[in-house]
Amino acid sequence: MASFDLMKAVEGKFSDYEKAEIEVFKPIHQSRIDKGMMGHWSFLRAALPQGSEASSTHLTVNLYKDYVQFFNAQAYEDMNQTEDQRKAVNAGLNSRDQKWIYLANLENVVR
């Protein structure tokens, strides 16, 4: 299973958004990976958006072993977050607009 989260950074806040993904959200996802709640997390900046509705500037790719792991990860909330960590998460969320989330099953691989 993979989810693809398509985001658009707020104009003039690209560096704020990218900093939030790396400094705030990456450790959260790494914690989920360490706890067996997700398989992998990647953060990408769109290099060449193309298509009639291409408006996303960034995306994350989240890998899960199955639906159960995906839905458990969605319900997970870190109850041990400090107030400063919550503020950093909210600031990161406010630096972008989450356009779409796609959930997909891997059908075929060519290596």
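Predicted model: local features only at pLDDT ≥ 70, side-chain atom pairs only at ≥ 80, totals over all residues.
Let's start with helix α2, which covers residues 67–75. Which of its residues are buried? Q69, F70 and A73 are. They span an arc of only 100° around the axis, so they sit on the same side of α2. An α-helix has 3.6 residues a turn, so residues three or four places apart point the same way.

Now turn the helix over. V68 and A75 are exposed, on the face turned away from the buried side.

What do the buried residues of α2 pack against? They pack against β1, residues 2–9. They also pack against α1 and against β4, residues 96–104.

Look at the start of α2 as well. There, a side-chain oxygen of D66 comes to within 3.2 Å of the backbone nitrogen of V68.

Next, the core. The largest nonpolar core has six residues: M1, M38, W41, Y64, F70 and A73. Leaving out residues up to four places away in sequence, F70 touches S3, Y64 and L103.

Last stop, helix α1. This one runs over residues 14–34, and E18 is found in it. Is E18 buried or exposed? Its relative accessible area is 16%, and the cut-off for buried is under 20%. So E18 counts as buried. Which residues does E18 touch, again leaving out those up to four places away in sequence? F43, R45 and H58.

That's the tour. Over to you.

Technical notes
Residues numbered from 1 in each chain as written. Heavy atoms only, no water. Core = buried A, V, L, I, M, F, W, Y, C linked by side-chain atoms within 4.5 Å. Buried < 20%, exposed > 50% of the residue type's maximum accessible area, 1.4 Å probe, protein only. Contact = heavy atoms within 4.5 Å. Helix = DSSP H or I, 4+ residues; strand = E, 2+ residues; numbered from the N terminus. Arc of directions from axis to C-beta. Polar contact = N/O pair within 3.5 Å; in protein donor to acceptor, adjacent residues only side chain to side chain.
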